[in-house]
Amino acid sequence: MSFLVNRWLMRTLWLLLPCLLWLGTSAMLADGWVKLQLGALHQRLGEHIQTTLDESESLLQLLADKSQGHCSTETLSLMRSLAYDYEEIREAAVLRQNSIVCSSWGRHHPAIPVATSASEYHAGSRQFAPLYGSAFSDLKNYSLIMGLGLAEGVGVNLLLVPEALFTPLQGTDLPYRARLSLSHDGQPLAEAGYGESLLMFDTPLLRRAFPEGPYVDQQQIGPLQLQIYLDAMLFWRSWLWALPLTAGVLLLLGAVPYLLWRRVKQGRCHLSHAVSHELARAIRRHEFFIQYLPTMNHETGECIGAEALIRWRHPRQGIIMPDLFIPIAERTGMIVPMTQWLIEQLAVEMGGWLRAHPECYLSLNVSSAHFESKLFLRRAVQTLQRHGIAPDQITLEITERDLLDKSDESTRKALQLANQYGFKLAIDDFGTGYNNLARLYEFGFELIKIDRSLVRTAVDKQGGDRVFDAVLTVANGYGAPVLVEGVEQITDVAFLATRSIHSLQGWYFSRPVGAADFQQFHGRHSSPDVTTTEQTADDPQLVTLYS
């Protein structure tokens, strides 16, 4: 039940991951676009305000230099020009003793008193403050006073139009809010919002806190502080806009590797079909042949059997090793007729030898694909009976990993049927999978073959002997004979000499050979007091290993 739940969860995650990637990529794209718009708007507005203040500062200095605090004809002309020619300037004025003596409207007799802090001047002082209306006209509007002191109680000023500072916001369709405040005390001067009228300093709404969120930026520009905000709703609109775009991009990015995978898969399928036809033809043309890898008794040094290995003598490519064609044969189902041919040919080549040596056996590799064929075991038994060979002289080897992958009811019944027919069962490549003794007891294996990789690890790597001994302990705990394969060097034999092992197999004793050569090898190694191989005769230490 837990397996089914985990499988369902994995499939659900497999389906959710592309969706999460799609939604996440769209959100990142939308977020980046909104921040890009915020930065561009902030830069455009900030540069405009900075330019306006710099220009007004230059004009104010020009007015101070020309007037020197006096209302000359030239001064009056300049002030009228400033008010008419520059859209950001509403008025210009000259003040003496806290009163306006002249302005863009002309001379004032008597002078108009100004009772604000903006009228308090001394040499070099600068003023920047808000103002409602005009102290010397009937206009009721808002202004920002920029003043410069010339002497004690004498100065000039400009009344700036607040709307002119927000000109870059006109025409934009972004849901923005922009606020200008005095830098030294944070007093709000004006605030513009999308689709709203300009809010000025005496508006109650301007006393509220400026909005906060992920899309807020601020900057100090001279005496002013600029804050600009974009509504988070813009992100969601952008996210919905980005969804189809990212879907198309991701589909395009995914389509390329998918098409490549399909191309490779189709190529493999074509290759598999081609090799499958080649295998069928090889059976008909007798291109396969068998080689036998001897199995040696660990204690006596006798040859007690061999493993039958199929080889392919291709008419054009020469000898093809099984690692290349066996996997394709298993995928295409050709492994069953190939193994049937192997058993038939084995019976022909080695039937007499097996009848003459009933204590010996031959082994061959099978996979779960063989057990999926209901007739494989029956035909194998019929072939052996026809040649007078006892089924208990044939050992069927199945790998530990294949047993783990296909440990279903059909495999269990097939293995039980093989036992009933008299075949012996061996588990191959033991120590490379994840099985346990309970699984071995369940299937009734009569031989355990320890994988060659464990021998290499034990001999070549520090601490590898402990891994090998642990696997050997598990194998011996089952009680069946243990065969170690991959014995290739004299150091391998020396390492295994003192361990509880039934039999050995590897190129140290003999390479795979044909039937006639194997029978000769067996004849030389069938006496209990003979050394394992001619190599050991020159090594006094190893002569005692199998004597």
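Modeller: Let's start with Ser367, which touches Glu330 and Asp402, leaving aside residues up to four places away in sequence. Do keep in mind that this is a predicted model.

Colleague: Happy to. Where is Ser367 found?

Modeller: Ser367 is in the loop between strand S15 (361–365) and helix H7 (368–371).

Colleague: And why is Ser367 called buried?

Modeller: Buried means under 20% relative accessible area. Ser367 has 5%, so Ser367 counts as buried.

Colleague: How much of the chain is buried?

Modeller: Buried residues account for 46% of the 547 residues. The chain exposes about 28,200 Å², with carbon and sulfur atoms supplying 56% of that area.

Colleague: Now the helices. What makes H6 and H15 roughly parallel?

Modeller: The axes of H6 (residues 335–356) and H15 (residues 515–524) cross at roughly 20° and come within 10 Å. Angles under 35 degrees count as roughly parallel, so this pair is described that way. Their crossing is right-handed.

Colleague: Which residues make the contact?

Modeller: From H6 there are Glu349, Met350 and Trp353, and from H15 there are Ala515, Phe518, Gln519 and His522. They divide into 4 nonpolar, 2 polar and 1 charged.

Colleague: What makes the charged one charged?

Modeller: Asp, Glu, Lys and Arg count as charged, and Glu349 belongs to the contact, so Glu349 is the charged residue.

Colleague: Finally, how many helices and strands does the chain have?

Modeller: There are 16 helices and 20 strands. Among contacts between residues at least 6 apart in sequence, 64% join residues at least 24 apart.

Methods: Residues numbered from 1 in each chain as written. Predicted model: local features only at pLDDT ≥ 70, side-chain atom pairs only at ≥ 80, totals over all residues. Heavy atoms only, no water. Axes fitted to C-alpha atoms, helices over the stretch in contact; angles between N-to-C directions. Helix = DSSP H or I, 4+ residues; strand = E, 2+ residues; numbered from the N terminus. Parallel < 35°, antiparallel > 145°, perpendicular 65-115°, else oblique. Left-handed = near helix turned anticlockwise from the far one by under 90°. Contact = heavy atoms within 4.5 Å. Buried < 20%, exposed > 50% of the residue type's maximum accessible area, 1.4 Å probe, protein only. Areas by Shrake-Rupley, 256 points an atom, 1.4 Å probe, with all protein chains shown as cover.
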